[in-house]
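Work through the exercises below with the structure open beside you. Try each task before reading its solution.

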Amino acid sequence: MFDAQGLFAKDPSSQGRLKYWNNDLCRRQPHLFDFAVTLGGDGTLLYASWLFQRIVPPVLSFALGSLGFLTKFDYADYRGTLSTAFNDGITVSLRLRFEATIMRTQTAQGNGKHDLVEELIGDEAENLLTHKPDGSYTILNEIVVDRGPNPTMSSTELFMDEKFMTSVQADGVCVATPTGSTAYNLAAGGSLCHPENPVILVTAICAHTLSFRPVILPDTIVLRVGVPYDARTSSWASFDGRE
């Protein structure tokens, strides 16, 4: 696509300096990257964010896709844009990302009964005998916990820091960053938010009742989403549309 052999023919010295990346290199050695360029739509930019789970280099995004909320630059002017970036520097727009950790239930001890509240915010919150971490992901847009392929609605309970917040009977719940406020959050009826606001947007997806409305929370809290043990169906989680 980039005609590497043509580059070598024009400048033989580039053959020793041209390197190729892969997913493992982005994950293990993100500090090696000084700059990233994406060619596509918002999905391509989200993929770049997903590759760099720890440290993200400055990303210059050129619009070639169907959605362009995040792709600021026109591909037709890529030469001038890149020349300006390299010669004059760039202004970086910092975006808030969330870290999400999956907690999986372990076999019940003692009386064999689980208590979701105790495990999330009570005495068993740090007890690895009742639940343990099963992967963490850093996301740019949103975390969605929904009913997946199940025909019935999902049931989830939300906890803000050490307090119970609400129960949600809906197709799911969307927890979005300010950047993700224009994505699934907006389609689900959530609020638009300026990307520099340090907030968490929580929106129910096709809620069963009108009692739960979209809310905006400070990013200083720890938000926990739990599936009750007596829920009729299991729930599925996705992180920026992945996993």
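## Exercises on strands and their partners

**Exercise 1.** Find the bridge partner of Leu158 in β12.

Solution. The model is predicted. Go to β12 and look across from Leu158: the partner there is Val225. Strand β7 covers residues 154–160. Four bridges join β7 to β12, and the two run antiparallel.

**Exercise 2.** Give the strand order of the open sheet of three strands, then explain which strands stand at the edges and why one side of each lacks a neighbour.

Solution. Start with the order: β8-β7-β12, with antiparallel pairing. Now look at the edges. β8 (163–170) and β12 (223–226) stand there. Each has a single partner strand, so one side of each has no neighbour in the sheet.

**Exercise 3.** Decide whether strand β6 is mostly covered or mostly open, and name the strands it is joined to by bridges.

Solution. First, take the cover. β6 spans residues 142–146. Buried means under 20% relative accessible area. Four of the five residues of β6 are buried, so by this cut-off the strand is mostly covered.

Second, take β9 (residues 172–176). Five bridges join β6 to β9, running antiparallel. Here Glu142 has Ala176 as its bridge partner.

Third, take β13 (residues 236–239). Four bridges join β6 to β13, again antiparallel. In β13, Asp146 is partnered by Trp236.

Methods
Residues numbered from 1 in each chain as written. Predicted model: local features only at pLDDT ≥ 70, side-chain atom pairs only at ≥ 80, totals over all residues. Heavy atoms only, no water. Pairing = 2+ DSSP bridges. Buried < 20%, exposed > 50% of the residue type's maximum accessible area, 1.4 Å probe, protein only.
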